[in-house]
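Hi everyone, thanks for coming.

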Amino acid sequence: MLNELGLEYEMVPINVAIGETKGHKLKALNPAAKVPVMVDGKTVITESSAIQLYLAEKHPKAGLIPDSIEERGQMYRWIFFLVTEIEQPLWRIARHTVLYPKDKRLPQDIEIAKQECKEMVAVLENHMDKRQYIVGKRLSVADFNAAYVMDWANENKLLEDAPKLRKYLRWMYSRPTAPPRIASALALLKSLPSNASGSKSRQHDRTHRRVDP
Ligand SMILES: N[C@@H](CCC(=O)N[C@@H](CS)C(=O)NCC(=O)O)C(=O)O
């Protein structure tokens, strides 16, 4: 969204994979000690969807928030749907695959989460019939949210029965302002030396961002 809006920003990389969120100054900005965090002057916003909506509202000329209340309602509907119904099972899969310590992982929950995720992906796939955008006839915040969550679902091979969403994903990421796909961001992380803590070159797909509005 920052690229889409043509904003200048400073990205402060925090490598979640090596626990850099812990004990970092980050906690002063986000008590949950998670990224992303956006600092815009004196305003600090956490939660990726809130950051997206804030940026879109602050830069209305880009038209990423629909004009009509009906379409705005649909945009909120799909953002909440993506975050709660699709992203949450993806988190469960990630937690029980790599994030939790091995003795706390529940392999059976991975299977349940995959099934639940696929069912909700099918709802969005159905919605995308004859549509280019998640809402109405132009890009909105919901598309940026959807592209990231679909990329994540795709990494977990959960879009196999969703050809419209695969096409949508390719299209969203072929746009010149698109960020790197998750696979490229992870490949970059893996290519870095494991003792690279403190190195300026560290990256993660979600980082603490400072925006120059
Ligand atoms: N609901 C938050 C989730 C943020 C989140 O879980 N971020 C992960 C990285 S993608 C994180 O910082 N994890 C660090 C940790 O849990 O220690 C959002 O959408 O912004």
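Let's start with a question: is the crossing in which α2 passes α5 left-handed or right-handed? The answer is right-handed. Please keep in mind that we're looking at a predicted model.

Now for the geometry of that pair. Helix α2 covers residues 48-58 and helix α5 covers residues 141-155, and the two pack at an angle of about 150°, their axes being 10 Å apart. Angles over 145 degrees count as roughly antiparallel, so α2 is roughly antiparallel to α5. If you want to find the contact on the screen, look for S49, Q52, L53 and A56 on α2, and for V141, F144 and N145 on α5. Sorted by class, the contact of α2 with α5 has four nonpolar residues and three polar ones, with no charged residues.

On to the second pair. Here we have helix α3, residues 69-99, packing with helix α4, residues 107-127. Their angle is about 160°, and the axes lie 8 Å apart. α3 and α4 are therefore roughly antiparallel to each other as well. As for handedness, α3 and α4 make a left-handed crossing.

Which residues meet here? From α3 we have E85, I86, P89, L90, R92, I93, H96 and T97. Across from them, α4 brings P107, D109, I110, A113, K114, E116, C117, M120 and V121. By class, the contact of α3 with α4 divides into 10 nonpolar, two polar and five charged residues.

So, to recap the handedness: right-handed for α2 with α5, and left-handed for α3 with α4. Thanks, everyone!

Definitions and conventions. Residues numbered from 1 in each chain as written. Predicted model: local features only at pLDDT ≥ 70, side-chain atom pairs only at ≥ 80, totals over all residues. Axes fitted to C-alpha atoms, helices over the stretch in contact; angles between N-to-C directions. Helix = DSSP H or I, 4+ residues; strand = E, 2+ residues; numbered from the N terminus. Parallel < 35°, antiparallel > 145°, perpendicular 65-115°, else oblique. Left-handed = near helix turned anticlockwise from the far one by under 90°. Contact = placed C-beta atoms within 7 Å. Nonpolar A, V, L, I, M, F, W, Y, C, P; charged D, E, K, R; others polar.
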